[in-house]
Amino acid sequence: MPKKFTHLRATALALGASALLAGVAFADPVRLLESGSSLLFPMFQNQWVPGYNKAHPDVVISPQAGGSGKGIADAIAGIVQIGGSDAYLSDPQVAQNPGLLSIPLAVSSQTVDFNIPGWNAAKRMVLSGPVLAGIYQGTIRNWNDPAIARLNPGVALPANPIVPIRRSDGSGDTFIFTQFLAASAGPAWTLHYGTTINWTAVPGEVGAQGNPGMVSTAGSVPYSIAYIGISSRAAARTARLHEVALINQAGKAVIDSPQTTAAAVAATAAKTPADERTSLIFGPGADSYPIINYEYAIAKQAQPSPDVAAQLKGFLTWVISPAGGNAPAMLDAASFGPLPAAVRAKSVAQINSIH
Amino acid sequence: MAGILRRVFAFRTWLAIAGGVLPVSLVIIFGFLVIYAWPAIGFNGLDFLTQNGWDPGDNYSSPVMLRGVMASPGAHFGVLFLIVGTLCSVILAVAIAYPFGVAAAVFLAEIVPGAIRSFVSFFVELLAAVPSVVFGLWGIGVISAFPDKAGVTAFQHVCNWIVATPPFEWIPFVGGDPGNGYGLLAAGVILAFMIVPLITSTVRDALIAQPAALREASVALGARRFETIVKVLLPSVRPVTIGATILATGRALGETMAVLMVCGNALGVLPKNLFAPISTMASFIASQLDSAGADTSGLVVKSLAEVAIILGLMSLVVNTGARVLLAMQTASQRERT
Amino acid sequence: MTVVQTTPSGGAPFKPQGGRQTNSLLMLRRNVGEWVGWAWAAFAFLGLALIMVLILAWVCQTGLGALKPAVFTEPSSKGNGGLLNAIEGTLVISLGALLIATPFGMAAGIYASEFKTTIWASVIRFLSDILVGVPSIVMGYVGYVIMVVTLGWKQSVLAACVTLGVISLPYVCRTTELALRQVPMNLREAGFAIGGGDATVILRVVLPSALPGVMTGILLALSISVGETAPLIYTAGYSNYMWDGKLFNSPIGYLTGAIWNLYNDQTTPGAAQLAYAAAFLVTMLVLGINIIARVILRGQQAARA
């Protein structure tokens, strides 16, 4: 047989053998995959996974961003074990996927940021849900619109047109923002709420991908406004964005802070049902910040193998425990809040149903 | 082992079966797409191609029976903005790449001496091999380079200047809102860079392959060197030039990553000028596919399949047209010689 | 020897007396046109060269600045680590795609060239030309819906390799067919004459002499697989960890995916740097493969000449 072919044959056999051996030789560690919310991603990537690996170095947990829509879709298809999502499952989704759980892991919030060149950081910009609904639907076009001026008496507002920035991927941030607009503006918000909505074509409106995209786009477009998850606050401040004081249900303008989010949680967490699919948006309370939400792990009750189920339960239990993932030191890194005790108990119940 | 195989089938038959994987996989791809997208094709109808607005509907309300399919209330898909975005970006890319590519090919074929020519052409062809996502990263780097104190980048300054300066601000599709850098212009220019090497190398090869007799005859009639090129050589390679340009168009149609990173991801709006954000069919599929599974009615995934079919058909028409043209050219050249 | 003066009047130099030839405006236009034309060609070429240099210089500058030994020795999962998982993943996926594309693509190309008068050969050639034009995102979509979701393979090496393999099939087929066509007919006739059958003549006579062209096609398919991103995002997912050897149900990292995931990641420190390093590595890898393919082709042309 010609020399070229003997070499080829030998090489092919060697490659095939080594590939086989490689498949056999690797131990089979349980791998937990997470994908989804870019609000939740920094917590997973920088705090929860390294923190859990300190006590359990052999568990491999692989987080990925991509938006809450991706997290839910991947969890439904079984591509990942944990779908990270700021949005809970909808009734149709639960009906079609019985046994798919929405498990709150922590409490998070969202800020509305704006980029007005030369804005004095000491001044506060106050906006309300109806005004934001008008901005994103194109009925309020300029920064010095009377509706905005009314909320900010005595503040010099520029005459430039507002550039609304929204998410172009399936986003939990879009979900909670549009829930806020629907709850506070009522019928004035003509679009519904969800992870993907058909935004009105406001002139100059820009789409961005992920929270990092929102930050960098808002940072580079003057006179823009964007809704950004709290975990990107540091990046937003570096990009010289300022946060808006939102008018809550009691009519007061509040800034997103640990006190205001804690007040909101105290006022709204009691109505959390057993399946924990509830909105905390625009709750009552004089000091409540209006845009807070649970960060969910979307997981299947029935896992493909007992090993995976055990590892998944172990990880999720650690994440919601006050000594583990819900410790203040961990949550502060992304400005998240801990789960209230009653909600934690419900999450524990849901986690224990995983098999 | 070979003896056993030989007894079952002749070598030729084995070859035909193994070679059949290629045609069969193409049939599977298109067949699957059409069958899978059929419910969405029925749901969307012809409005799909003429309306704007990608609305998955209210996913958090109960599904209702819409046009014969259980769908989220208010679900309505129209991809005119994708078709327009794709066509605009590709036409812009070819409009930039064609003159530059042909002129560069002329320079390479006629002026650059032989030894240097193969070295330089080699470099030009390498540009065609750079992965799309690297082009996108470079594009982002260019758009966001050199920000001044207010955060306005150099590229943005250029766009602002063009929109405000007299000759340009009156041209219909150029004047108006300068945008934020991510839009049709960026996508078209990056696509142009990606397809120029295809045009240049093909036209250069065709020019070099033209018989010397053609050049000599032209010079004998008193034509200057450049006149020879423009009036004699380029017309004689016109089918190749057009064929190569159409093939480059086909490549530009399918480009995903570079466009996704610089196009601005418009949703449901047609571009008003060169600087407006757009979405192309390929970039839209890439950005929407991973969250499409969250839709319980399945219409989002299936409508994306419809977009994929339209994109595939466009590429098919463009590529087949190019090949027919090139085949005609080689046939007519064979007649000539 | 007297010089014969052909002009009727003395002194003026000879000018041909045809009509438009003496129009000095036309001559001016021709001169200017010549200069403008060459200027335009030079400008276009320099512009193209400038763009090329800019891109390659940018890739090298940002990439070399980000390259540190950890890039080659550690996976991305180790904190702010390296790209070892991405490099391994690119190699695994590309070689896997080659394993699928090479036998079937070569078989198709051999059939199309050796039995070129049959209907099946025309079918192969025609559908191969169509398959080349299918955008890779469409392939990625089909791969995602069929293999990842419906067949339940989840994001896996096998789904990625099959998708990339099908994308590369027509390139291998076409280059194999062209390379085999170059082999002179009398070589085959000699093979048949001394008693060889189809298999012997094709595999032992024709194919070895067309090997450089076939290798070029395989390397072309390899460079395409290395540079692909969109189909892989959906069929292979992305992972910061080394490959665990599983063909199903296990995402894997790859250089182009590293660029895509990392450029957007503001939270992991050093992520942007890794993205530049990955861009540099993948560009050099693709350029290297193309250079090797060209060297092989040139060697074959030299040998033939």
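**View 1. S168(A) and the residues around it.** Setting aside neighbours within four places in sequence, S168(A) is in contact (heavy atoms within 4.5 Å) with G207(A), A208(A), Q209(A), N265(B) and Q288(B). Everything shown here and below belongs to a predicted model, in which local features need pLDDT of at least 70 and side-chain atom pairs count only at pLDDT 80 or more, while totals for chains, interfaces and linings use all residues. Residues are numbered from 1 along each chain as its sequence is written, chains are lettered from A and ligands numbered from 1 in the order in which they are written, and side-chain values use heavy atoms, with hydrogens and water left out. Where does S168(A) lie? Look for the loop between strand 6 (163-167) and helix 7 (172-185) of chain A; helices (H or I, at least four residues) and strands (E, at least two) are DSSP runs, numbered from the N terminus. S168(A) is buried, as its relative accessible area is 10% (buried means under 20%, exposed over 50%, and partly exposed in between, with a 1.4 Å probe and protein chains only).

**View 2. Chain A as a whole.** Before moving on, here is the chain that holds S168(A). Chain A has 13 helices and 11 strands, and its C-alpha atoms fill a box of roughly 90 × 55 × 40 Å along the principal axes. Of its 355 residues, 60% count as buried. Among contacts in chain A between residues at least 6 apart in sequence, 75% join residues at least 24 apart.

**View 3. Where chain B meets chain A.** This contact takes 29 residues from chain B and 34 residues from chain A. Together the two chains bury about 2,500 Å², with 52% of it on carbon and sulfur atoms; buried area is the accessible area (1.4 Å probe) that two parts lose on being put together, summed over both. On the side of chain B that touches chain A, strand 1 (52-55) and helix 15 (281-292) of chain B are the elements that give two or more residues. Helix 15 of chain B gives the largest share, 4 residues.

**View 4. Where chain C meets chain B.** Here 76 residues of chain C and 75 residues of chain B take part in the contact. About 6,800 Å² is buried between them, and carbon and sulfur atoms give 82% of that area. W38(C), F45(C) and Y141(C) supply 11% of what chain C buries against chain B, more than any other three residues. There are 3 salt bridges between these chains, and the rule finds 10 residue pairs in polar contact, both at pLDDT 80 or more. Which element gives the largest share of the side of chain C that touches chain B? Helix 1 (residues 24-66) of chain C does, with 21 residues.

**View 5. A network of salt bridges around E125(B).** E125(B), R204(B), D205(B) and R294(C) are linked in this network. E125(B) forms a salt bridge with R294(C), where the closest N and O atoms are 2.5 Å apart. E125(B) also pairs with R204(B), at 3.5 Å between the closest N and O atoms. R204(B) lies in helix 10 (residues 184-209) of chain B and E125(B) in helix 6 (residues 114-127) of chain B, so this pair ties together parts 79 residues apart in sequence. R204(B) counts as buried, at 8% relative accessibility.

**View 6. A salt bridge between R31(A) and D244(C).** The side chains of R31(A) and D244(C) meet at 3.9 Å, N to O. The pair joins two chains, because R31(A) lies in strand 1 (residues 31-36) of chain A and D244(C) in the loop between helix 10 (230-235) and helix 11 (255-262) of chain C. Are these residues buried or exposed? Both R31(A) and D244(C) are buried.

Methods:
A salt bridge is a side-chain nitrogen of Lys or Arg within 4 Å of a carboxyl oxygen of Asp or Glu. A polar contact is a pair of N or O atoms within 3.5 Å; within protein, one must be able to donate a hydrogen and the other to accept it, and residues adjacent in sequence count only if both atoms are side-chain atoms.
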